[in-house]
Amino acid sequence: MTGQDGGLWGVILSGGEGTRLQHFIKRLYGIVRPKQYCPIVGDRSMLQRTHDRLRLLIPQERICTIVNRSHLSFVHSQLRDQPLSTILVQPCGRETANGILLALLHIYDRCPGAVAAVFPSDHFVGDEARFMNYVDLAHRVVQRKGERIILLGVQPTGIEQEYGWIEKDYPIKNPWNVRVHHISRFWEKPDRDTAEKLYQRKCLWNTLVMVGKVRSFLLVFKKMVPGIFDKLSKLMKFPDQDDRQKMLNSIYPSLPCVNFSKTILERNADRFSVLEAAGVYWSDWGDERRVLRDVEKLQLTLSHDSFFPGISTVRDLDPNVPGGTNPASSL
């Protein structure tokens with residue numbers, strides 16, 4: 001779909017290798033693969049669950065997924081119903097900023113007036129309908145507030161050093177009476193003492209789910225990474241998709257790896273606002289201990305326990321829990 005309608009598009013980031021969770025995935029499956037392509041709980045992979053979540057609000061033809069060429073075998077089996085034009089293939093991984101920019105340029109080429117909602121593919125969300133309702137509210141705030149980009153923040157349930165934190169500033173009035181604030185500062189993976197202080201100050205965890213006009217995103221990228229912006233923007237001059245992909249294959253490996261949080265977010269707090277997604281359980285499943293904690297707390301069932309006879313509980317799977325065993329020792 002093309003046009004200037006300001007409709008909502010989705011971007012799913014699925015290009016990571018999931019290295020921090022590789023040992024855990026190997027214990028579950030007996031193989032190594034990026035966690036977003038694994039059904040850690042239930043029978044749908046994390047990528048498929050993310051797609052399902054977005055489709056509560058966004059038509060599938062407006063959901064763009066960034067993947068790596070090395071992952072195409074997983075993608076083809078798991079996203080069979082997605083239009084091929086919505087699968088954007090990176091020749092190789094070049095961190096989050098490059099993947100996000102590539103997707104935003106793709107959307108801008110088709111609908112310059114679009115609003116984009118960006119989602120990681122490896123996060124767990126408890127009440128998905130409620131979560132997507134907040135995304136819808138963020139879309140409405142963006143349409144009303146112009147150039148602001150809205151991040152979804154959640155209330156912390158403890159001291160977490162591996163997350164990004166958002167320190168709120170003064171509130172932004174809106175007709176829906178949702179908690180939207182300007183941002184005082186981003187804190188990326190703080191030390192223990194700092195994380196405790198942020199928790200006491202009622203700062204929010206950064207879900208890295210963000211909603212904004214594509215134009216607004218692109219202006220930030222052009223400011224912060226002008227060289228990368230210029231190179232990827234030139235791809236849009238090729239109307240033929242095959243020619244565009246060939247050029248991408250040529251230039252992409254030479255691009256520097258750029259982390260979105262560190263390079264874009266931390267240096268542009270004035271361009272972003274935060275909407276507090278109250279009453280939502282959210283967790284970044286990039287860490288084994290976090291996955292096991294949530295499985296136990298929420299009484300979830302790990303997928304494919306049959307790979308390991310006798311393993312039926314989190315205690316059995318976690319060698320660090322007193323009385324636990326290490327299934328990896330039998331592989």
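Guide: Let's settle one term to begin with: two residues are in contact when they have heavy atoms within 4.5 Å. Keep in mind, too, that this is a predicted model.

With that in hand, look at helix 4 (residues 95-110) and helix 8 (residues 226-233).

Now for the geometry. The axes of helix 4 and helix 8 are 10 Å apart, and the angle between them is about 40 degrees. That angle makes helix 4 oblique to helix 8, and the crossing is right-handed.

It's handy to set another pair beside that one. Helix 2 (residues 46-54) and helix 5 (residues 128-145) have axes that come within 9 Å and cross at roughly 60 degrees. So helix 2 is oblique to helix 5, and their crossing is right-handed. Here Arg 49, Arg 53 and Leu 54 in helix 2 meet Glu 128, Phe 131 and Met 132 in helix 5. By class, the residues of this contact come out as three nonpolar, no polar and three charged.

The structure holds zero of them. Take Cys 111: its sulfur is 11 Å from the closest cysteine sulfur, in Cys 64, so the gap is too far for a bond. Cys 111 has 0% relative accessibility and therefore counts as buried. Cys 38 also counts as buried, because its relative accessibility is 0%.

Asn 177 has a phi near 55 degrees, a positive value in a residue other than glycine. You'll find Asn 177 in the loop between strand 7 (164-171) and strand 8 (180-188), and with a relative accessible area of 69% it is exposed. Leu 208 isn't a glycine either, yet its phi is positive at about 60 degrees. Leu 208 sits in strand 9 (residues 204-213), and its 27% relative accessibility makes it partly exposed.

Terms used. Residues numbered from 1 in each chain as written. Predicted model: local features only at pLDDT ≥ 70, side-chain atom pairs only at ≥ 80, totals over all residues. Heavy atoms only, no water. Axes fitted to C-alpha atoms, helices over the stretch in contact; angles between N-to-C directions. Helix = DSSP H or I, 4+ residues; strand = E, 2+ residues; numbered from the N terminus. Parallel < 35°, antiparallel > 145°, perpendicular 65-115°, else oblique. Left-handed = near helix turned anticlockwise from the far one by under 90°. Nonpolar A, V, L, I, M, F, W, Y, C, P; charged D, E, K, R; others polar. Disulfide = S-S within 2.5 Å. Buried < 20%, exposed > 50% of the residue type's maximum accessible area, 1.4 Å probe, protein only.
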